[in-house]
Amino acid sequence: MRRPATLHAARELAAVYVLPARVAIFILRARRLARQIGDAWGPDAAARPRELAHLLALARGRSEVVELGTAVGWTAIALALADRRRRVTSVDAVVHEQRARYLELVPGHVHERIDFVEADAALAATSSADGDPAPAGVDLLFIDAGHGREQTIAEFQAWQPRLAAGAVVAFHDYRHPEHDGVAEAIEELGLEGEVAGGMFVWRQPRTCVSG
Ligand SMILES: C[S@@+](CC[C@H](N)C(=O)[O-])C[C@H]1O[C@@H](n2cnc3c(N)ncnc32)[C@H](O)[C@@H]1O
């Protein structure tokens, strides 16, 4: 009989194949590299393949993406790999040292479209350590940093003015047993949306243009 951990690993592997080919190949290579360099934390911190597939579907046609919470960069890299026109800004308070190793797995045109920002996820909306302005016209915001109630509220409120009309905000780890703060924040903010792939998805209304 298979052990549950083996079954889980088999399901995870199967899930990789729902990803676009370029992204699936990157995730498989990144997992192999993680085993080689003894990085247990990075794969655990990254969005799971099924969640990533939902996120990439939400990202389709969206070219200005911000991710709050980079970890070792797997999701930022996947977002940039999936669409050659997309720019990704990924913010983390900590530069996790293995990130550079995973970046080596993808071509230069992918690196060039990712801006890694070392900052608090909420504060990065108004200032950054390198002095570059935060992106405006963000059409996908992926919130996956602090996960606490107050931090999540602060992140959403800080970034909302930078969203484009019709932008999507995806809160990761919604209803995750270890991250009650995410659902509490969404309730406190009074957001209405849909639940997909372990995320709560809220859409910024499109402004009506009257003529
Ligand atoms: C779950 S991991 C992010 C995983 C990543 N989104 C992915 O899918 O590959 C959470 C990250 O948020 C970062 N983080 C936690 N609190 C933060 C904060 N207040 N500001 C910026 N980054 C924060 C942590 O350093 C950690 O790398």
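Author: Before we start, a word on names: helices (H or I, at least four residues) and strands (E, at least two) are DSSP runs, numbered from the N terminus. The model is a predicted one.

Reader: OK. Which helix and strand supply at least two residues each of the shell around the ligand?
Author: They are α5 (74-82) and β2 (87-92).

Reader: How many residues surround the ligand, and which are closest?
Author: The ligand is surrounded by 20 residues. A46, G69, A71, T75 and A121 are the closest.

Reader: And what's the shell like by class?
Author: Ten of its residues are nonpolar, six are polar and four are charged.

Reader: Switching to the sheet. What order do the strands come in?
Author: The order is β3-β2-β1-β4-β5-β7-β6. That makes seven strands in an open sheet with mixed pairing.

Reader: Which are the edge strands?
Author: β3 (114-118) and β6 (194-196), each of which pairs on one side only. Across this sheet, neighbouring strands are turned against each other by 20 degrees on average, direction ignored.

Reader: Which helix packs on the sheet?
Author: Helix α8 (residues 149-159) does, and it touches β1 (64-68), β4 (138-143) and β5 (163-172). The direction of α8 makes about 170 degrees with that of β4.

Reader: Back to β6. In what sense does it pair with β7, parallel or antiparallel?
Author: Antiparallel, over three bridges, with β7 covering residues 199-203. V195 stands opposite F200 in β7, and E194 stands opposite V201.

Reader: What's between β6 and β7?
Author: Two residues separate the strands of that hairpin. G197 there takes a positive phi near 55 degrees.

Reader: How many bridges join β7 to β5?
Author: Five, and those two strands also run antiparallel. V201 in β7 is the bridge partner of A170.

Reader: New topic: α4. Why is it described as largely enclosed?
Author: Because eight of the eleven residues of α4 (residues 49-59) are buried, the rest of the structure largely encloses this helix.

Reader: Which residues of α4 are the buried ones?
Author: They are P49, E51, L52, A53, L55, L56, L58 and A59.

Reader: And what about G61?
Author: G61 follows α4 and has a positive phi, near 80 degrees.

Technical notes. Residues are numbered from 1 along each chain as its sequence is written. This is a predicted model: local features need pLDDT of at least 70, side-chain atom pairs count only at pLDDT 80 or more; totals for chains, interfaces and linings use all residues. Two strands pair if DSSP finds at least two bridges between them. Axes are lines fitted to C-alpha atoms, for helices over the stretch in contact, and angles run from 0 to 180 degrees between N-to-C directions. Two residues are in contact if their C-beta atoms, placed from the backbone, lie within 7 Å. A residue is near a molecule or strand if its C-beta atom, placed from the backbone, lies within 6 Å of it. Ala, Val, Leu, Ile, Met, Phe, Trp, Tyr, Cys and Pro count as nonpolar, Asp, Glu, Lys and Arg as charged, and the others, Gly among them, as polar. A residue is buried if 20 or more other C-beta atoms lie within 10 Å of its own, exposed if 12 or fewer, and partly exposed in between; C-beta atoms are placed from the backbone.
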